[in-house]
Amino acid sequence: MNYRELIYEYLDGELDPVIEEKLFAEMSLDQELRDEFSQQVKINNFALQDMTAMQVPSETTAAVFSNLGFTIPPSIATNTPTPFLAFLKSKRFAKASLSLAALILTFISGWWMSSVTNTVQPIDESQNTACIMETSGSANKPTSNSANLLKYTYSSHSIAKHTQMASTDLATTSTNRTNSNSITNNENANNEAISDEIVDTEDIVINDETALKEATQNVTVPQMLSYSSLNGNVADFSFSGNENQVFDLIANNNPDSDFETTLYTRGFRIANELPVADDKSFFSGSSISLMYKLNDEHYIGGDFGEDEFYQEFYYQNGEQNVLYKQAPNYYWGAVSYKYLPHFLRIGNFAQPYTKLSVGGCKAGAIGKAQIGLNFQINKSLNAFIGGEYNTLFFNIRRDFYTSHKFEFLYGISINL
Amino acid sequence: MSIIKNILSLIVVSLLVISCECPPSANTPQVLTPSEYANICFVNTVHNTYSISIDTKYGYVYENLLFRRHTQYEKIGSGNNYLNLKYNIFEFYRVPIKLEKDTYYTFIPAGSADQLKTILLKDKVRDLDKNHSHMRVINGHSYLPKLRVASGFLPEKHIMSFGDVTEFKATKNRSEYVRFFVEDEQVLNLQVQTDPGKTYSIVPFYNPGEKNIYGLTVAVIELKIP
């Protein structure tokens, strides 16, 4: 009996138990056979380790089987991870998919915001055209509820503008809201299209501009859509309920509001500084302003903020005339004037501005001159960057001192 | 336009007048720079500190002055001031001082940080003869009741307690011997090489690392007048 071959069979798990017993009986007597067995066990272990470490590409396996004239056994085909599956499991894929998801989310949110913006059309009040708007419920059956009230609050200002929406806007206005009540147009361009009749319709698309112009010539604004109705039928003025308009309420407050709130902070400053700085609060360097629009180019209002003011002055301290250097944080307030020269407007996205402020903090009076660029994000939201020259006037025992600094600042402004 | 200008001017003036905080009293870190100065020389003989830092009303005069070392005359704000001695971040001694403008001082903290004794001397170094070297002895050893010092420029058997100081005396030789005795036992014999026109302070003090049983060691300080 060739015991060496029996060892191979044993290691492959193919040895008959009876013969296996004989093999081990022989090994107990034969040192050389035990050595051989030990050697083969080691080789077998190494081979197993190598096999587990080695991943044969599925293409290679398929090619081998193909050359041999076989198909790939299902076990091999399913157990061998393909490069694609390996890629799916990799961290790189996870990162890539996350990035892609973020990108898609950004595009969707951008599209959503832009679509929301479009729902509130700019109004050209010079054009005396008829109105079109969506209403829910009816004048006779007010469906006042909290949601509608909320929307009503939002829409109260813009309704009047919708009632005078330009015909061009009407022609492109498309409503896709279910259960919406709308003033309909006549697709065949007759002159009786628009009324305040409540129509339950799924989709109303107004696409015939000429017809619509004609249709809207002699139509008066229905009472239920005018301001006078604000006292009464709340439901008449509510937009149909969806999230877009709630978002409008938050982000798209009122593009034509006369009030503008600005939040801004300082990026860096060019000023004298101290090696020992004051403990700054989180809001140090930040400001808020509320401006009232006098007209398209002129604003007036107030600013409030907290900032660091470097001070350098002499103070008689006993026998010494001591030079003080300090940079305390002060709250400050100022009245401001803002000018947006429209003739300098850069396209539709950038508008230069300048702002002058005069005010004070508890150390003295301050003056600020700001110049920058306003970037329109949407109708009611702007971002801006700018530079500000800032002077603090203060007095020490009737000696007057000034402190100057230049700051780079940036922020956002929202129409209230 | 003139109305607006007047209103703005009124606002500015009003704010200036009613500004409610006097900036010097602002609760904020301040950097104070005096306009008048005195000069002070520090000798660190605080034996249980590795180094000390000297802070004043106007900021640090010297940081990390090692034990047995001394400074030159350092500028320090005159008038009412204070000296604040720190070992690392720990303040272990603070004393108010009043310094005269353009005057020279020597300040010697001695002993241990927890039982500190200090010497502040007004140094009359301006009117010394430039053709001779001058020398003086300041006893900075706070643990010896009496220390006898013998030298050519001193009277015979000059006995000193802690804080005693001799006047600046012109030395007779280029090489001056200064001997220190405790209870008639000579503990140290010091030879000081002097140069004409220079001024020296000899400061005996306690150093636990010294070989003699009294821990007596001596710092020789050449005072350089700025």
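Two strands pair if DSSP finds at least two bridges between them. Strands (E, at least two residues) and helices (H or I, at least four) are DSSP runs, numbered from the N terminus. With that in hand, start at one bridge. B:Q30, in strand 1 of chain B, is the bridge partner of A:Q326. Strand 1 of chain B and strand 9 (residues 320–326) of chain A pair in the antiparallel sense over 4 bridges.

This is a predicted model: local features need pLDDT of at least 70, side-chain atom pairs count only at pLDDT 80 or more, and totals for chains, interfaces and linings use all residues. Residues are numbered from 1 along each chain as its sequence is written, chains are lettered from A in the order in which they are written, and side-chain values use heavy atoms, without hydrogens and water.

Now widen the view to the interface. Chain B gives 28 residues to the contact and chain A gives 32 (contact: heavy atoms within 4.5 Å). The buried area is about 2400 Å², with 61% from carbon and sulfur atoms; this is the accessible area (1.4 Å probe) that two parts lose on being put together, summed over both. On the side of chain B that touches chain A, helix 1 (2–18) and strand 1 (30–33) of chain B are the elements that give two or more residues. Helix 1 of chain B has the largest share, 5 residues.

Last, look inside chain B. B:T199 sits in strand 17 (residues 199–206). B:T199 counts as buried because its relative accessibility is 5% (buried: under 20% relative accessible area, 1.4 Å probe, protein chains only). Leaving out residues up to four places away in sequence, B:T199 touches several residues, including B:V125, B:F168 and B:I221.

Technical notes: Buried means under 20% relative accessible area, exposed over 50%, partly exposed in between (1.4 Å probe, protein chains only).
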